[in-house]
Amino acid sequence: MNILIIGNGFDLAHGLPTKYSDYVDQIAEHQGIYEYLWETQGADNEKTVLYNRIRKSVLFKYIEQQREAGWVDFENELRRIIEGICELENCLAKHSKKNEDGSYTERLYLKKGTLTECSLFLKMVLYEGGRGPWTQSGFDELEKDVLSQAMDFVELFKEYIVWVTKTKIPEVKKKQYFENFKVDFFLSFNYTTTLFKAYQKQINADKFCFVHGMIDENPDSKIVMGVGSDFYNEEKHEKFLECFKFFQRYQYKSETSLNYLQWIDYFRNQNVDDLDEDENRLQIHIYCHSLDLTDKDILLPFFELKNANVWIYYYDKNSKLSLQKNLVRILGRKKFCEYMLCENPKVIFRRIVEQGDFYKLED
C-alpha cells in the first residue's frame, strides 16, 4: 500500500514555474501573470489593481532585491520582515510634548544610532515612509501596513497559481514513473493539482489531502502560506498572528484537509503481525519535499508508524545530505539512529536518475 507525499519539487520536476522566485520574476518583469490579469480582468479590475499595488510596495521591493541576489524563499523572508518590525519598537524612545491646551501628546522617536543596526527591510520601510516621530496610533498603522502588504502578496500568489494551472499544466510532459505508480493515499504540500490534471489519477476524496490548501482554478481558495509555527513567540508576534502557519491551519481548517490524521490513526491501530509482507506493508514515498522543519508536525507521525517503510527520493549528493540533515532535525538524533543504523533501515534514500521521461532509481 502506497502513500505518496510530495513537495514543490514535484511541480518543478514537471517544468512548472511554481518557485517563489518564479512568481517574483513574473511580477517584476510584467510577464505572463500580468498579461493574464489584463486580458481576463481588465485594467481597473481589483486583481489588476492589486498587482500594481504590490509592485509599488516596500515588501515587494525588498523581496525583489533579495531575488536579485539569488533564490528567494518568501516564508523565510516573511519571518525576517516580522522580526525586523518587532525589533523596531525596541529602537524607539518615548517623549511627551506639551500641546497649546496644556495636554500632552506622547511621541515615539528612533534612538540615536539605531538605524545602522536595523535589518534591511526595516531600513527600506523607514527610508520610504519616514523615520518618525510617531504617535502610538501612527506606529500601529505602520505595523498594520506591513501585515497588509504580506496579505496582498499571498492574495496575488493565488491568482498566479490559477494562471499556472490553466496555462502550464496542460503542457506538462508526463513521467512514466508516475503514470505507472499506484497511489493509494496522496498527501500534497502544494497548492496545484498537477497529479490529478496531468495524470488523471482518480483518488477518493478521503484518501487525498492538501494540507496547505488546494487552489486549482479558484483564486478565492484559502491557503496556508506563512511563517513556520516553531518561530512563533507569544510575547513578540501577536500582532502578526495571521502570518503563522499554525494559526492559518486553524483559520482555514474548513478549506484545508486534515484527512491525513485519520490515515495515521488507521495505520497505528493495525496489527503489524497480521499484515501480509508484500500486499499490506505500508510504503511511504516522499518525493521532492525538502523535509523542512516547519512541516515536522505533519511528517513526523508518518515516520513513526511501526508498519511502514519510508522512501525518500533525491537527485544528487548535495540534495541527499541536505535531506539527511533535515531528517535529523525532524526525528532527533536518537530516533534517526534507531531508524537508520540497523540491518533493515526503516528509512531508505533512493536516488533519481532522469533519462528523458523515464526515471531510474538507485539505492
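Helices here are DSSP runs of H or I at least four residues long, numbered from the N terminus. Everything shown below comes from a predicted model.

**View 1. Lys-320 in helix α14.** Lys-320 is found in α14, the helix that covers residues 317–340. Its relative accessible area is 25%, so the residue counts as partly exposed. Set aside the neighbours within four places in sequence, and Lys-320 is in contact with Tyr-314 and Phe-349. Look also for Arg-333: it lies 13 residues from Lys-320 along the chain, and the two C-alpha atoms are separated by 17 Å.

**View 2. Helix α5 packed on helix α8.** Two packed helices are described by the angle between their axes and the distance between the axes. For α5 (residues 58–68) and α8 (residues 136–167), the angle is about 65 degrees and the axes are 8 Å apart. On the α5 side, the contact is made by Val-58, Leu-59, Phe-60 and Ile-63, which meet Val-146, Gln-149, Ala-150 and Phe-153 of α8. Sorted by class, the residues of this contact come out as seven nonpolar, one polar and no charged. Val-58, Leu-59, Phe-60, Tyr-62 and Ile-63 of α5 are buried. Just after α5, look for Gly-70, which takes a positive phi of about 145 degrees.

**View 3. Helix α4 against helix α5.** Turn now to another contact of α5, this time with α4 (residues 46–56): the two axes come within 5 Å and cross at roughly 65 degrees. Here Ile-54, Arg-55 and Lys-56 from α4 meet Val-58, Phe-60 and Lys-61 from α5. The contact of α4 with α5 splits into three nonpolar, no polar and three charged residues.

**View 4. Aromatic rings around Phe-153.** The structure holds 34 aromatic pairs. In the pair of Tyr-23 and Phe-153, the ring centres are 4.9 Å apart and the planes sit at 70 degrees, so this one is edge-to-face. The two partners are 130 residues apart, with Tyr-23 in helix α2 (residues 20–28) and Phe-153 in α8. Tyr-23 has 0% relative accessibility, so it counts as buried, and Phe-153, at 1%, is buried too. Phe-153 also pairs with Phe-74, this time stacked, with 4.4 Å centre to centre and 20 degrees between the planes. Phe-74 lies in helix α6 (residues 74–88) and Phe-153 in α8, so this pair ties together parts 79 residues apart in sequence. Like Phe-153, Phe-74 is buried.

**View 5. Two positive phi angles in loops.** Most residues other than glycine have a negative phi. Gln-200 has a positive one, near 50 degrees. Gln-200 lies in the loop between α10 (194–199) and β5 (208–210), and it is partly exposed, with a relative accessible area of 48%. Cys-288 is not a glycine either, yet its phi is positive at about 55 degrees. You'll find Cys-288 in the loop between β6 (282–287) and α13 (296–303). At 17% relative accessibility, under the 20% cut-off, Cys-288 counts as buried.

**View 6. The largest pocket.** About 1,000 Å³ of space lies in this pocket. Its lining has 40 residues, and those nearest the centre are Asn-8, Gly-9, Trp-71, Cys-288 and Ser-290. At least two lining residues each come from α1 (9–13), α6, α8, β7 (308–314) and α14. By class, the lining counts 16 nonpolar, 16 polar and eight charged residues.

**View 7. The second largest pocket.** This pocket has a volume of about 190 Å³. Its lining includes Ile-85, Cys-86, Glu-143 and Phe-240, along with Glu-234, Glu-235, Lys-236, His-237, Glu-238 and Lys-239. Seven of the lining residues are charged, three are nonpolar and two are polar.

View 8. Rolling a probe the size of a water molecule over the atoms shows where empty space is left. The structure holds one cavity of 30 Å³ or more. About 30 Å³ of space lies in the largest cavity, and Val-211, Arg-249, Thr-256, Leu-258, Tyr-260 and Ile-298 line it. The lining divides into four nonpolar, one polar and one charged.

How values were computed. Residues are numbered from 1 along each chain as its sequence is written. This is a predicted model: local features need pLDDT of at least 70, side-chain atom pairs count only at pLDDT 80 or more; totals for chains, interfaces and linings use all residues. Side-chain values use heavy atoms; hydrogens and water are left out. Axes are lines fitted to C-alpha atoms, for helices over the stretch in contact, and angles run from 0 to 180 degrees between N-to-C directions. Contact means heavy atoms within 4.5 Å. Ala, Val, Leu, Ile, Met, Phe, Trp, Tyr, Cys and Pro count as nonpolar, Asp, Glu, Lys and Arg as charged, and the others, Gly among them, as polar. On a 1 Å grid over the protein atoms alone, a cavity is a set of points where a 1.4 Å probe fits but cannot get out, and a pocket is an open set with protein on both sides within 12 Å along at least five of seven lines; lining residues have an atom within 4 Å of a point. Grid points are joined across faces, edges and corners, and a volume is the space filled by probe spheres set on the points. Buried means under 20% relative accessible area, exposed over 50%, partly exposed in between (1.4 Å probe, protein chains only). Rings of Phe, Tyr and Trp (its six-membered ring) pair if their centres lie within 6.5 Å; planes under 30 degrees apart count as stacked, over 60 as edge-to-face and the rest as tilted.
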